[in-house]
Amino acid sequence: MFKTMLAACLSLGLLLPGAATNAADQAPILIRFAHVVADDTPKGHGALLLKKLVEERLGGRVRVEVHGNSSLYGDAEELAALQRGDVQLLAPSLAKFQQYTPKLQVFDLPFLFDDHEAVARFQQKPTGRDLLMSMHEHNIVGLAYWHNGMKQLSATQPLRLPGDAKGLGFRIQSSRVLEAQFAALQAQSVKLPFGEVAGALKSGKVQGAENPWSNIYSQQLHTVQPYISETNHGVLDYMLVSNARFWYGIPHEIRSELEAIIDEVTLAVNSEAARLNEADRARVAAAGTSRIIALSDAERSAWRNAMQPVWQQYEAEIGPLVMRAAKAANRSL
Ligand code: SIN
């Protein structure tokens with residue numbers, strides 16, 4: 001009888017005044033989402049939408065703080081901060097994971113994907129989805145792929161053919177593949193965090209860069225780069241990641257709702273990314289500060305021929321399975 005009463009009292013929280021005896025009493029789970037881009041970009045929109053939906057559906061139980069524009073961590077520190085548990089959600093560009101798995105380097109190979117639709121198909125295939133789990137041993141879990149877009153080459157001088165890049169210095173993300181890509185053009189590359197790109201182009205520390213339109217416009221890179229060649233030579237997409245121990249420690253019911261929200265946000269980000277990039281391309285064109293150079297098929301083939309030897313340098317470490325699946329994604333069947 002006593003045991004029954006004790007159980008009843010405990011379940012009502014009557015014997016532990018002040019103690020957190022049910023979900024309503026518990027402090028909300030705090031998710032800090034740090035990123036390095038502006039709000040008005042595919043990733044910036046995604047982070048804010050995620051916060052909004054969490055407030056609507058998990059308010060009181062989960063709280064999301066968004067820290068954009070490298071305001072909490074720059075891209076050189078954010079993954080270490082995630083592993084330490086100082087931040088709980090990030091969406092680094094796929095080029096930033098090289099130190100945790102060589103497989104994700106597949107996304108950096110120039111001209112591997114014919115277009116962004118092929119990238120999306122690969123990400124949805126079983127091989128692409130498996131890559132979300134490729135950093136588990138480093139306590140990093142991939143939750144989704146978020147799109148940005150294809151990269152364009154900008155510079156202080158017109159780049160029409162690969163030889164035009166010879167001798168110039170290009171800012172790159174921290175990626176050996178991207179270093180090899182510019183070496184194949186006999187150009188220099190300088191690894192810099194995203195937050196330093198605009199300053200480095202303005203000061204002349206580097207003469208060029210590679211970015212999708214949304215990053216060019218939101219960082220105002222077109223005001224310091226008089227020429228932008230529409231090369232579409234590589235992809236810049238993201239992986240939404242969390243600290244694995246943190247993520248799997250979230251109570252099941254709350255984590256399921258968070259995963260449902262992430263699915264919804266992913267759909268929204270991925271269906272609006274192309275439109276945002278197109279709109280930013282139009283804004284860059286309207287600003288009139290840089291000339292947009294459209295390449296002929298023959299010119300684009302010349303860039304492809306110059307950069308493609310990089311594949312052979314990396315395909316062994318990326319692995320034949322991933323390489324085959326990525327190439328097969330170019331066929332839309
Ligand atoms: C980003 O879009 O998150 C930044 C990519 C870069 O470092 O170029």
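1. About 60 Å³ of space lies in the largest cavity. A cavity is, on a 1 Å grid over the protein atoms alone, a set of points where a 1.4 Å probe fits but cannot get out. Grid points are joined across faces, edges and corners, and a volume is the space filled by probe spheres set on the points.

2. The model is predicted: local features need pLDDT of at least 70, side-chain atom pairs count only at pLDDT 80 or more, and totals for chains, interfaces and linings use all residues. Residues are numbered from 1 along each chain as its sequence is written, and side-chain values use heavy atoms, with hydrogens and water left out.

3. The largest cavity is the space taken by the ligand; a molecule sits in a cavity or pocket if more than half of its atoms lie within 2 Å of its grid points. Val36, Val37, Lys43, Ser93, Lys96, Arg171, Gln173, Phe194, Asn215, Leu236 and Tyr238 line this cavity, where lining residues have an atom within 4 Å of a point.

4. Around the ligand itself stand Val36, Val37, Lys43, Asp75, Lys96, Arg171, Gln173, Phe194, Asn211, Asn215, Leu236 and Tyr238, a residue being near a molecule if one of its heavy atoms lies within 4 Å of it. This shell comprises 5 nonpolar, 3 polar and 4 charged residues. Here Ala, Val, Leu, Ile, Met, Phe, Trp, Tyr, Cys and Pro count as nonpolar, Asp, Glu, Lys and Arg as charged, and the others, Gly among them, as polar.

5. For Tyr238, an N or O atom of the side chain is 2.5 Å from a ligand oxygen. A polar side-chain atom of Lys96 lies 2.8 Å from an oxygen atom of the ligand, and for Asn215 the corresponding distance is 2.9 Å. The protein covers 100% of the 260 Å² of accessible area that the ligand has on its own (Shrake-Rupley method with a 1.4 Å probe).

6. The search of the whole structure finds 2 cavities of 30 Å³ or more.

7. The largest pocket has a volume of about 370 Å³; a pocket is an open set with protein on both sides within 12 Å along at least five of seven lines. Of its 20 lining residues, His116, Glu117, Gly149, Met150 and Ala274 lie nearest its centre. The largest share of the lining, 6 residues, comes from α10.

Notes: A polar contact is a pair of N or O atoms within 3.5 Å; within protein, one must be able to donate a hydrogen and the other to accept it, and residues adjacent in sequence count only if both atoms are side-chain atoms. Helices (H or I, at least four residues) and strands (E, at least two) are DSSP runs, numbered from the N terminus.
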